[in-house]
Each structure stands twice: as structure tokens, then as C-alpha cells.
Amino acid sequence: KLPGSSDFLSKLEMYDSVSIQMSSFSFNPFLGESNENITSTVASLSLRSKTGEIHLENLTESIQILLPQINYDNSSWRINTSGNPVTSQFNITDSNSTVILAVEPNKNITIQVLLSSGYLPNATNYDYSKFLHWEPSVVGYRWLLTPELLSVGSGNWHVLITPFNLSNGESVTLRVLIFTSTCLGPNAMNRGCQEQVGLLSQPWLTECLCNHLTFFGSSFFVLPNQVDLSRTAEYFATVTKNPVVVILLSVFFGLYLITVIWAWNADKKALKKRKLTVLDDNHPCAQYYYMLKVETGHRSGAGTSAKVQATLLGSEDQSEPHHLNDPDKPVFERGGVDLFLLSTAFSLGELQNIRLWHDNTGGHPSWYVDKVVVQDVQTRQCWHFLCSTWLSSSKGDRMTDRTFNPAKKNEITSFSNIFQSKATIGFRDEHIWISILDPPKRSPFTRVQRVSCCMCLLLCTMAINIIFFNLPADSSSPVLISIGSVKITWQEIMIGIESGLLMFPINILIITIFRNIRP
């Protein structure tokens, strides 16, 4: 809109004819020369005579330019109050931005707004104060917070909104919208000069006022909603208007408590199975000890009900046959790890092999033994026996008595052995959700801790979703994946990456702390 002042018209009297040219671009034509984030269309207004372009500067009345925003967010928040002050806050990161504070009550009243930088304002302590009245010319209650006004401080600004002229017991619903906007001329787009934002600006439309003719563009950003803990009582007062969130959180916490109780009982049972079993048939005079770590496989039916015996054969001697059992807990269950302390009169020397057998009794005598590790308690030397076979009269080669040789170093470090170990024990320990049902038997990371980490992960995911909720879609974002009606854009992939970068570090830290706790 061109000004109608005498100053403007007097500058055109010298020309016989004047033509007006208006150009509009959906992109920033100065992209290579500008570091500014232009989010609106870019417009150009020029006046030309027969001899060339007419340059108009320093007009006493501003030229009005309305620039539609390509991407915008019209989100706001509503609250019902009976006269009590309402608080909000916003964060200033760009000293050149203009903040528009819009308050829309559902009735014609007077509103006082107190503004302060870095602290919550009150009736006696604030940086700025303004009474807002209904103004038809700007359609509502508005306060334009210019860069000059906000120059007293950066970072968090606090707003206290108080309705006036309410009768006793009368309440009012306030809709509050806070957003920033910036008007940019050609110098702003490549050399840092700025135009003025007008009061008619909306999230979808920026009003720019200037006193010369040039290119115009604008930058727009909706300040994100921030949680103010001092307004907790106000938030709970509006629960009846939107109970879905509270119901969903209540269900999550209810399921969490139920799962924690189940996990606690499972941890108690697992703790009883972690004991080191001192074999009952150890000779009381035998004072040389070997610790046997026996791992039962994860195959279906791998656990056994039979009575298992073992004999160690060394370069200098061999042990007596020992029954591997424990009267206080079940042994050789599927996926189980059992520890036994076996004693001999003297050192057996370098272990040559271990003999394992069972009596094939009980309802499911078949046993799949995965690995046995024997440690000399005195010297700390270990021997690894990679068994991975059935001791069964009906499975495998149908043998219930086997002798195993210790594995060589290259067998222990082989790809197949490491892969099998990582694919079974590693996956059950590293996958936080699956590990709740079947964690490693002797891991210090309990089920209760794993459930709590999963709950933390879920709540963090919900919190991150709030940041990106109702984000306006970027129509210029390319579609990377399209399967039928499902389309994934580059914007959505970037949101996923940003969410992961925000969510996972804290959760990985918590899980790492629990996993490295020593019992």
C-alpha cells in the first residue's frame, strides 16, 4: 500500500507518467549473497518513468508491504482465569527480531501485561508495563516488542498477563500467541539493514513498513511452548478439558508399577540362583580348588532333569567323579549359568580334558551343554571347553557321556565363537526391551533397573515429540521414500535424526551406569 501523503505525491509531480512494477518470488533470489533465513515470499516494488527508475527514500509516511509466509505455525495456548495473573515466557536468540504478543480474551476487557528479562515480574518489580485495549485497527489486543525495547536483555523473557474489569466470580478465557518476525530489505538480506515490522503481522502474514522502495522479505519463527513449573496448578485446573494426556500417562505409570513388581519378584528368584555351589562330595581334607562355570544352551529343551557328574583330568592327576547339583536351587536350566567349587588334594597340573555325563533320569534328561570354563582358584589360570553338543540318548549322536578337550587360543578368538556369544548373550543384554524378559543370568543390571530405563526412554520420547508436535510441513522438502500412500520426506528424516540426538545420549548414559554397577 503506497502512502497518500503530500510528501510522497510531491516527489512524483515532476514526471509525466509513472509506472508501478510489483514482483514476487517464492524463493530468496539473494540466497548466495545472504545468510538470513528468509521464510516468506520475496517482493519487489519499483516506480519507473520514461527516463528510468524512480528512487524514493526517507518518506515521511511508510510504505506498507504484506508478505505471506510459506511455512508458519499458528499454535497458541488457552487458559481460563477468574482474574488471577497468567504467566508465560519466551526466549530471544536474535537481537534483530521483533516479538508480537497477542492476547485474545473471549470478552471485551482491559488487560495489563508486565514484561521482565530473566525474572518473573510482579506488581512492583518489572521492566515494562502496558495496558492492552480492544483496537479494531489491529484486530485485537497486541503489543509489538521491538528490538530496541528488548535490547535491555537477551535469553528468557517473562510475561505476566492480568485481566481487569471482571465482576466477582466472573471468568475469562485467554488465547495467548507469541511469535517473532523480522522484515528484511536488500541490505538486510546481504548487508545487515532492516525494515520495521507492523502490528498487523500474523503467523501467516508479515506486515513490513519502510520509507523507501526496494526488495522485501521476512523471517518468521514461532517461539516454542515452554513449561513453567510455577503454573502447575493452572495446568491441572484444565485437565477436564483435555483428559487424554493424563489418562495416557496414568496408564503408562500403572503399567510401569505392575511391571516393576513383576520384575522385582523375578530378580529375587534370579538372585537365589546366582550362588556359588560348594559340592557336597568334596573331601574335607582336599584344599586345592577349581571353579567350574557351566553354561547350558538356549535351544528348546536344553535344560536337563538328570543328575550330572564331572571329572577333571590333568597332566599330573585327575579328580574324583563329582555330582554337580545343589539342594537349594535348580541347576542346568535352559540358558542358565551355574558355578561349582570343586576341590582336590593336590594340583592336577595342566588340564587335558573334562569328562561330563549324566544318568538319563527324570522327565527331560536330554541336556545341551554350551560351554564349560574351569578356573584354577589358586593361580587364576582358565581353561575353556567349547562343547556345544547334546548329552542325550535321543538327540544328536545319542551319547550321554562325553570327554571335551580345552579350546586353543585361536578357537576362543575365532569369528564363529565370538559371533555366537554376541548373538546370544550380547543381544539379550544390549537390547534394553528384550532383556527385561530374558536378561543374562549373572548380570548386575537387574530387571527393575531395565524396566526403569525403558520407562525413562518412553518419557523422553514423549517429551521430544512435544518439541516437534504440530511442526508445519515444508512443501519444498523432497520426498525420499514413497511406498503407496506412505511418503517420507527429507524434513521427516531430519526430525528423526534430531530427536535421536536429543533423546539417546542421556538414556545411553543411564544404561551404561547401571550396566557397569558391580554387585
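Q: What span should the 30 residues of helix α4 have at 1.5 Å a residue, and how far apart are its end C-alpha atoms?
A: In this predicted model, helix α4 covers residues 243-272. At 1.5 Å a residue its 30 residues should span 44 Å, and this expectation agrees with the distance between the end C-alpha atoms, which is 44 Å.

Q: Which helix do the buried residues of α4 pack against?
A: The buried residues of α4 include Val 260, Ala 263 and Ala 266, and Asp 267 and Ala 270 are buried in α4 as well. In an α-helix there are 3.6 residues a turn, so residues three or four places apart point the same way. The helix that the buried residues of α4 pack against is α7 (447-468).

Q: How far apart are the end C-alpha atoms of residues 244-265, and what share of that stretch is helix?
A: The UniProt record, an unreviewed entry, places the feature "transmembrane region" at residues 244-265, 451-473 and 493-514. In the model, residues 244-265 contain 0% strand. Their end C-alpha atoms are 32 Å apart, and the share of helix is 100%.

Q: How far apart do the end C-alpha atoms of residues 493-514 lie?
A: Residues 493-514 also carry the feature "transmembrane region" in the unreviewed UniProt entry. The span is 100% helix and 0% strand in the model, and its end C-alpha atoms lie at a distance of 31 Å.

Q: Which element gives the most residues to the nonpolar patch?
A: The nonpolar surface patch of about 550 Å² is made by Leu 480, Ile 481, Ile 483, Val 486, Ile 488 and Trp 490. Two strands, β25 (479-483) and β26 (486-489), each supply at least two residues of this patch. With three residues, the element that gives the most is β25.

Q: Is Trp 490 buried, partly exposed or exposed?
A: Trp 490 is one of the residues that make the nonpolar patch, and its place is in helix α8, residues 490-515. Because its relative accessibility is 42%, Trp 490 counts as partly exposed.

Q: How many salt bridges does the count come to?
A: One of the salt bridges joins the side chains of Glu 170 and Lys 107, at 3.0 Å from N to O. This pair links distant parts of the chain, with Glu 170 in the loop between β11 (155-164) and β12 (172-184) and Lys 107 in the loop between β7 (98-105) and β8 (110-117), 63 residues apart. For the chain, the count of salt bridges comes to eight.

Q: In the salt bridge of Lys 275 with Asp 326, which residue counts as buried?
A: The closest N and O atoms of Lys 275 and Asp 326 are 3.5 Å apart. The pair links distant parts of the chain, 51 residues apart, with Lys 275 in the loop between α4 and β16 (276-278) and Asp 326 in the loop between β19 and β20. Lys 275 is partly exposed, with a relative accessible area of 31%. At 9% relative accessibility, the residue that counts as buried is Asp 326.

Q: Which residue forms a salt bridge with Lys 329?
A: Lys 329 counts as buried because its relative accessibility is 6%. With the closest N and O atoms 3.1 Å apart, the partner is Asp 338.

Q: What is phi of Phe 332 near?
A: Phe 332 is found in the loop between β19 and β20 (337-344), and it is buried, with a relative accessible area of 1%. Most residues other than glycine have a negative phi. Phe 332 has a positive value, near 55 degrees.

Q: How far apart in space are Pro 440 and Gly 335, C-alpha to C-alpha?
A: Pro 440 is found in the loop between α6 (415-430) and α7, and it is buried, with a relative accessible area of 14%. In sequence Pro 440 and Gly 335 are 105 residues apart, while in space their C-alpha atoms are separated by 8.4 Å.

Q: What percentage of the 519 residues in the protein chain is buried?
A: The secondary structure of the protein chain comes to eight helices and 26 strands. A residue is buried when its relative accessible area is under 20%. Among the 519 residues of the chain, the buried share is 41%.

Definitions and conventions
Residues are numbered from 1 along each chain as its sequence is written. This is a predicted model: local features need pLDDT of at least 70, side-chain atom pairs count only at pLDDT 80 or more; totals for chains, interfaces and linings use all residues. Side-chain values use heavy atoms; hydrogens and water are left out. Patches are made of residues with over 30% relative accessible area and no salt bridge: like charges are joined within 9 Å, nonpolar side chains (Val, Leu, Ile, Met, Phe, Trp, Tyr) within 5 Å. Accessible areas come from the Shrake-Rupley method with a 1.4 Å probe; for residues, only the protein chains shown count as cover. A salt bridge is a side-chain nitrogen of Lys or Arg within 4 Å of a carboxyl oxygen of Asp or Glu. Helices (H or I, at least four residues) and strands (E, at least two) are DSSP runs, numbered from the N terminus. Buried means under 20% relative accessible area, exposed over 50%, partly exposed in between (1.4 Å probe, protein chains only). The expected span of a helix is 1.5 Å times one less than its number of residues. Contact means heavy atoms within 4.5 Å. UniProt positions are given in the numbering used here, feature names are shortened, and annotations may be inferred rather than shown by experiment.
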